[in-house]
Amino acid sequence: MKYAIIGTGAIGGYYGAKLSKGGAEVHFLLHSDYEYVREHGLQVNSCDGSFHLDNLNVYRSTADMPQCDVVIVALKTTNNHLLAQLLPPLFKDDSMVLLIQNGIGVEASVEMMFPGVQLAAGLAFICSAKTQPGVVNHQCYGNINIGNYSCRDAARYAAMLDDMRAAGIGVADVEYRQARWKKAVWNMPFNGMTVALDTQTDCLLSCPSTLRLVKEQMMEVIGAANALGVEGLDESFADKMIRNTQVMVPYSPSMKLDYDFHRPMEIEFLYTRPIAEARAVGYEMPRLAMLESLLRYKEESPSA
């Protein structure tokens, strides 16, 4: 199958490089480092074994790319307004789109742009960063859960999972709504708290007060998921997420990096939409609603 990577950053660059190294035909859309990668290739510095790829299929515009069987979107959701122009040149009648993006409501938003498109959600559990041209730094983890949102072609969906496994990517086929809310249990406390307190994950968990606050925020997410009818989420999952994070290398989540590099933060899908969905069924998330307000202030205030 042919793959397109839209957003060759820390996430798209890593999974696209793994697929390419594994033998899949992968086409990469690049922006600021197009010239660098075209000339020097893509370097992945990985805790699981570093590697370098030369002679990649790289492009400045999707208009120059071939139609693909699977389009992997790894852009930040703050750029999703660009998808209406970026994706159509890549589509065949049966193309599938995998959204490796954070937040709640992402697939519904893209479906409004492209009614009838086959969509799946990719929930990446990975510590990865890209802070210089053509170099992805993969620090730990790397598995991805994939939930079927609207894919009708079971064979193509299964073939995508098989290609990922053949490339050495740990992948699991999971129930869509549960997967989205499970990822939110980690994302909502850690992304916002590292920005609000200008710190990293290890510092949040080494202080008893912020550790307690992280756990309370996680329980708000779990309560919201339960109120919305999502099964399989309870306090034990929050405890597991905390334990997993305690053994991670000190980490700045994607929102912290966006803030540090003066890029827009993914507040809408990470906070505003899940809080609104929970409120619509009568469940309030007061700690996370306050965190959302702090993040809006950080983003909108020139002195923050």
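Trainee: Contact means heavy atoms within 4.5 Å of each other. By that rule, which residues does Leu 291 touch, not counting those up to four places away in sequence?

Mentor: Leu 291 touches Met 188, Pro 189, Gly 192, Met 193, Ala 196, Gln 217 and Tyr 271, with residues up to four places away in sequence left out. This is a predicted model, where local features need pLDDT of at least 70 and side-chain atom pairs count only at pLDDT 80 or more, while totals for chains, interfaces and linings use all residues. Residues are numbered from 1 along each chain as its sequence is written, and side-chain values use heavy atoms, with hydrogens and water left out.

Trainee: Where does Leu 291 lie? Is Leu 291 buried or exposed?

Mentor: Leu 291 lies in helix H12. Helices (H or I, at least four residues) and strands (E, at least two) are DSSP runs, numbered from the N terminus. Leu 291 has a relative accessible area of 2%, so Leu 291 is buried. Buried means under 20% relative accessible area, exposed over 50%, and partly exposed in between (1.4 Å probe, protein chains only).

Trainee: What angle do the axes of H6 and H12 cross at?

Mentor: Roughly 45°, and the axes of H6 and H12 come within 10 Å. That makes H6 oblique to H12. Axes are lines fitted to C-alpha atoms, for helices over the stretch in contact, and angles run from 0 to 180 degrees between N-to-C directions. Under 35 degrees counts as roughly parallel, over 145 as roughly antiparallel, 65 to 115 as roughly perpendicular, and the rest as oblique.

Trainee: Which residues meet there, in H6 and in H12?

Mentor: From H6, Met 188, Pro 189, Gly 192, Met 193, Val 195 and Ala 196. They meet Leu 288, Leu 291, Leu 295 and Lys 298 in H12. By class, the contact of H6 with H12 has 8 nonpolar, 1 polar and 1 charged residues. Ala, Val, Leu, Ile, Met, Phe, Trp, Tyr, Cys and Pro count as nonpolar, Asp, Glu, Lys and Arg as charged, and the others, Gly among them, as polar.

Trainee: Back to Tyr 271. What does Tyr 271 touch?

Mentor: Leaving out residues up to four places away in sequence, the contacts of Tyr 271 include Asn 187, Met 188, Met 255, Leu 288 and Leu 291. Tyr 271 and Trp 181 have the most contacts inside the largest nonpolar core, which has 41 residues. Such a core is a set of buried Ala, Val, Leu, Ile, Met, Phe, Trp, Tyr and Cys residues joined through side-chain atoms within 4.5 Å.

Trainee: Which helix gives the largest share of this core?

Mentor: H6, with 8 residues. A second, separate core of 36 residues includes Leu 53, Leu 56, Ala 124 and Tyr 157.

Trainee: New topic. How do H8 and H9 pack?

Mentor: At an angle of about 135°, with their axes 9 Å apart. H8 and H9 are therefore oblique to each other. By class, their contact has 7 nonpolar, no polar and 3 charged residues.

Trainee: What about backbone angles? What is phi for Asp 198?

Mentor: Near 50°, a positive value in a residue other than glycine. Most residues other than glycine have a negative phi. Asp 198 is in the loop between H6 and H7. Asp 198 is exposed, at a relative accessible area of 56%.

Trainee: And His 262, what is its phi?

Mentor: About 60°, positive although His 262 is not a glycine. His 262 lies in the loop between H10 and H11. With a relative accessible area of 74%, His 262 is exposed.
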